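Here is my note on the model you asked me to look over. Have the viewer open while you read, and go point by point.

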Amino acid sequence: MAAGEYRNLPDLQPEACPICMDTYKNPKILPCSHTMCRECLENLLASGYKSDVLVCPICRKQNQVPPEGVGKFMPNYFVPTSSGESVLSTCNVCETVLSDFQKKSGRCSYCDGQMCAQCYQKHCHPENEMRGLRRTASQEDEYSDGLELDGSHRSIRDNLMLQLQGKAQSIISGRMVSTFQCEQQSAQPIKVTKIVVTKDNKMWILVGNGPFIIKYDSHGMELDRKFVDGKLLDIALHTDGSLLMVLENYHFVMILSYTDSQIREYVSTTDSLSPQCILTLPTGCLVVTAVNLRSVQQESIILLYNGQGTIINSIQCNQRGVAYGTIVSLASNLKHGQICIADEKRQHVYFLREGVAPLTFTRPQGFPTRNRGGSFSNSRYRGFKPKSMSCDSKGNVFVYDDASGMILVLSSSAKLLGIVLPNDADLAGNPNCIAIDCQDRLLVGDESSGKVRIYETEATYNNLGQIDQDAGAFFASMQQRLTDSGGGGIQELVDISSQMSVNPNMFLNAVLNHQQNY
């Protein structure tokens, strides 16, 4: 992009669809970089003389339509959709689109969650009775989901569950499966700045600000390294395997070619913008956050580039018209088509999604805080500082909050699902960055020791009534056993408890006790 005035950037896209002249609904970006409503594009395509070519009504360029249709054009997250209300209201649990009736009747008065009829029927809270079944203190002790907890960890978990009442749904158990030490590149403490996972589940790791970017496997064996002359701020992986880099005092995003290992300019901004964070999308597009050097408050702007390195759009304000502060991390939620933005200065995580009004999360007050020594307390509110983010294949968003020292797990509807409780003696050490690998394992990079810790995660408790595949198989097999043995009298108990996430062994004991008393 040629250097120009910063004030012209927000006008790259009109605020209304150029076809219907109304606020965008499901905005799609054509290869020519112009944006229209999806429905408008479908009508335009139907009226054309070719079923696979769409002529842009603005520039008259012919755009090839994907075989799957107009819906496969890249969504534009950065243009305004309908003000106040989402174009599509979805269930907070299963993401089903809600009818007008469900929007009014399927909202929980306790947590303000909006759900479809099926999820609303299962919805409950930990301090409430669950479908006529009340957990006793002895039953609570069974909630360890196979995680080996010593007395101190069990005490921590139980204390956290009490502190999280009404604020979160789960304790996410983190079982450490591997750890390794990154190479020290200077006399300073070894800070793991960024972990980028490759398609073959290896990881490029940036320690400090370089000068080396080193590729490791999950056991800490070095596989490759790249030298970069400059102070590195962020790295990302291009769709072809090349490394994208942001360097301090550069107005460009650089690319280190996978084929010839040459470093060259990939995309450029204006002289008034300094790139800070980058995120690549599966479509080949690039999201860049940059600091406006001409702003007194050093506010951030978000830039969107297509696969050819041409700027498509930019946005500098959130949904409330407030300029973005300090954007420190970006993540792509592939399952739900979202871009997640961590704004440390504004103390928010923003969720941008096609056709839906942006969502916002900030950590509630009265939240447990992890001290440097590894213990937990419920100290006074110290703000919310989202520092690093990553998303798993199930659509969960992991956020490291540097203010509380906790790794939070958010849903795609910006609701707090729970926190991660690691089982190692250091309780994940002193995190600085996180990532999710191809096996949905949590990778935690340390701020001072240079360690990378790898955890397998699973939920200890979930009051929304979701159960994992293993628990579902357990209930199905037990229900068959009861039917074969003529135990139909406890069918109601099986049906009810299958809507709850419970420890199978605990529930089996409850069923057997009930059967003896029946």
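1. Residues are counted from 1 along each chain as its sequence is written. What you see is a predicted model, where local features need pLDDT of at least 70, side-chain atom pairs count only at pLDDT 80 or more, and totals for chains, interfaces and linings use all residues; side-chain values use heavy atoms, with hydrogens and water left out.

2. Go to Gln 347, in the loop between strand 20 (338-343) and strand 21 (348-353). Gln 347 isn't a glycine, yet it has a positive phi of about 60°.

3. Asn 201 is another non-glycine with a positive phi, here about 65°. You'll find Asn 201 in the loop between strand 7 (192-197) and strand 8. With 14% relative accessibility, Asn 201 is classed as buried.

4. Now look at Pro 211, which sits in the loop between strand 8 (203-207) and strand 9 (212-216). The peptide bond joining Gly 210 and Pro 211 is cis, with omega about 15°.

5. How many cavities of 30 Å³ or more are there? The count is 3. A cavity is a set of points, on a 1 Å grid over the protein atoms alone, where a 1.4 Å probe fits but cannot get out; lining residues have an atom within 4 Å of a point. Points are joined across faces, edges and corners, and the volume is the space filled by probe spheres set on them.

6. The second largest cavity holds about 70 Å³. It has 10 lining residues, and the closest to its centre are Arg 370, Gly 405, Val 420, Pro 422 and Leu 427. Strand 27 (406-410) and strand 28 (416-422) each give two or more residues to this lining.

7. Finally, confidence: pLDDT is the predictor's confidence in each residue, from 0 to 100. The protein's mean pLDDT is 75, and 66% of its residues reach 70 or more. Over residues 1-12 the pLDDT is below 50, and over residues 487-518 it stays under 50 as well.

Definitions and conventions
Helices (H or I, at least four residues) and strands (E, at least two) are DSSP runs, numbered from the N terminus. Buried means under 20% relative accessible area, exposed over 50%, partly exposed in between (1.4 Å probe, protein chains only). On a 1 Å grid over the protein atoms alone, a cavity is a set of points where a 1.4 Å probe fits but cannot get out, and a pocket is an open set with protein on both sides within 12 Å along at least five of seven lines; lining residues have an atom within 4 Å of a point. Contact means heavy atoms within 4.5 Å.
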